[in-house]
Amino acid sequence: MNFALTEEQETFRRATRAFAEKEIAPIAAERDETNVYPVELLQLMANLGYLGLKFPSEYGGGDGGNLDAALVFEELAAASAGITLGIYCHVVLALTAIARIGNDDQKRRYLAPGIRAEKIGSFGSTEAGAGSDIAAISTRAERDGDGYVLNGAKLFCTNSPIADFIVLSSVTDATRGGGISLFIVDRGAPGLSVSQPIRTLGMHPAQTAEVVLENVRVPVENRLGEENRGVPNMLTAFAEGRIVAAAFAIGIARVAFDLARKYVLDRVQFGQPIARNQVIQHRLADMDTGIQAARLLTHQAAWLADHGRPFVKEASQAKVFATEAAARIAAQAMHLQGAYGYVIESPAQRYYRDTHVLEIGEGTSEILRNVIAKQLGL
Ligand SMILES: Cc1cc2nc3c(=O)[nH]c(=O)nc-3n(C[C@H](O)[C@H](O)[C@H](O)COP(=O)(O)OP(=O)(O)OC[C@H]3O[C@@H](n4cnc5c(N)ncnc54)[C@H](O)[C@@H]3O)c2cc1C
């Protein structure tokens with residue numbers, strides 16, 4: 001058993017942190033304020049190989065694994081969660097769906113340009129009547145000659161305002177439950193419109209919007225995977241994403257903790273740094289324990305997935321534990337900074353606002369507990 005990163009992984013982690021601190025952290029507060037996504041950053045990340053890290057070299061990727069992805073996303077999220085959410089939806093949702101489910105032609109037309117940041121992807125499952133219940137969608141795809149005609153609306157589709165294509169789910173056989181297929185829809189397709197970004201509590205730079213489809217024609221070669229296999233294909237393609245989502249949460253928790261630790265050492269009340277109070281020391285001890293435990297669960301799940309072992313339970317546990325720990329730690333970190341953590345100039349309030357959605361996306365905590373319980377034979 002070896003808990004240490006290899007020298008290569010450690011060098012890679014350090015380089016990623018340096019990149020995130022130089023290119024992302026300095027614009028985090030401003031983009032949180034202006035809600036504008038730095039699209040040009042994706043090109044820079046593509047040039048450095050980050051977007052293709054987990055994908056096959058045949059399509060321009062880096063042949064990396066889940067542990068590599070976890071290391072990268074912890075560092076990116078530590079710099080800006082809102083900016084990282086856009087990268088996540090492009091890489092971990094849209095490109096991963098194509099890499100795992102698509103055929104060679106689809107990978108050449110969408111995955112390879114996505115890795116090069118020439119095309120930005122978005123993923124749409126959620127609808128007004130279907131969130132956790134991904135099979136309850138009402139968007140329809142009717143077969144028509146050599147294509148399909150899509151009608152419906154997807155909600156909370158992150159990246160859709162800046163995307164070149166959207167991978168989305170549609171009902172292809174209404175006569176049977178789960179008769180759902182996935183499609184790659186070009187953003188410029190006639191009949192497809194995207195709303196203004198939806199205003200949310202946190203993750204401000206990420207562009208999350210509604211996508212409306214009115215008689216949108218999609219060629220049959222853009223159906224992703226077999227017809228009516230959309231739900232099982234999505235569940236398989238996105239199982240590894242929970243590992244990355246857990247690492248994402250750890251990144252925010254880590255910087256929230258660092259900020260609080262520095263503050264309690266500096267802040268003097270009643271003639272001494274507030275860190276001299278044991279109650280505050282214990283709170284920081286618990287926060288750090290949460291971060292270490294979350295990282296161990298996450299790296300273990302990544303290791304299992306990278307070694308071809310069953311990992312669904314462990315990835316779900318890592319995601320539930322890390323995202324709930326991050327939300328708790330960010331709230332405590334803000335509290336430890338009193339009024340100064342609550343002012344808009346403090347990153348503490350941003351970390352607090354950014355964490356909660358991680359307990360909702362990629363399977364809510366309740367849904368993932370259902371997954372864990374099922375894996376336990378319950
Ligand atoms: C900022 C942001 C970005 C997003 N980006 C995307 C995106 O890019 N693509 C996309 O498709 N979606 C996206 N979403 C949507 C997200 O995936 C959904 O919000 C999520 O799947 C939950 O669905 P819901 O909000 O409809 O909640 P619901 O499913 O209605 O759940 C509401 C509550 O009920 C609980 N609940 C539901 N069913 C059960 C059950 N069986 N047992 C116990 N509890 C249950 C849930 O855990 C939750 O607490 C985004 C959301 C946000 C806020």
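Select Asp266 and Lys262 to begin: their side chains are joined by a polar contact of 3.0 Å. Keep in mind that this is a predicted model. Asp266 belongs to helix α8, which covers residues 241–266. Along the chain, Leu51 and Asp266 are 215 residues apart.

**Stop two: the hairpin**

Go to strand β2, residues 140–144, and strand β3, residues 147–158. The two strands run antiparallel, joined by five bridges. Pick out Arg143; its bridge partner in β3 is Tyr148. Then pick Glu142, which has Val149 as its bridge partner in β3. Two residues lie between the strands of this hairpin. Select Gly145 here: its phi is positive, near 60°.

**Stop three: across the sheet**

Stay on β3 and bring in strand β7, residues 208–219. How many bridges join β3 to β7? There are nine, and the strands run antiparallel. Select Leu150 and look across to β7, where Val216 stands opposite. Move on to Thr158; its bridge partner in β7 is Thr208.

Next, show strand β6, residues 192–194. Three bridges join β6 to β7, and this pair is antiparallel. Which residue of β7 stands opposite Leu192? Select Leu213 to see the answer. While the strands are on screen, check the side chains: in a regular strand they alternate between the two faces of the sheet.

**Stop four: the ligand**

The surrounding residues number 17. The closest are Thr126, Ser132, Phe156, Thr364 and Glu366. Take three of these in turn.

- Thr126: a polar atom of its side chain lies 2.7 Å from a nitrogen atom of the ligand.
- Ser132: an N or O atom in its side chain is 2.6 Å from an oxygen atom of the ligand.
- Phe156: here a polar backbone atom is 3.0 Å from a nitrogen atom of the ligand.

**Stop five: two crossing helices**

Finish with helix α10, residues 312–336, and helix α13, residues 365–375. Their axes come within 9 Å. The axes cross at roughly 150°, and the crossing is left-handed.

Which residues make the contact? On α10, select Val312, Lys313, Ser316, Gln317, Lys319, Val320, Thr323 and Glu324. On α13, select Ser365, Leu368, Arg369, Val371, Ile372 and Gln375. Colour them by class: the contact has five nonpolar, five polar and four charged residues.

Technical notes. Residues numbered from 1 in each chain as written. Predicted model: local features only at pLDDT ≥ 70, side-chain atom pairs only at ≥ 80, totals over all residues. Heavy atoms only, no water. Axes fitted to C-alpha atoms, helices over the stretch in contact; angles between N-to-C directions. Helix = DSSP H or I, 4+ residues; strand = E, 2+ residues; numbered from the N terminus. Left-handed = near helix turned anticlockwise from the far one by under 90°. Contact = heavy atoms within 4.5 Å. Nonpolar A, V, L, I, M, F, W, Y, C, P; charged D, E, K, R; others polar. Pairing = 2+ DSSP bridges. Near = heavy atom within 4 Å. Polar contact = N/O pair within 3.5 Å; in protein donor to acceptor, adjacent residues only side chain to side chain.
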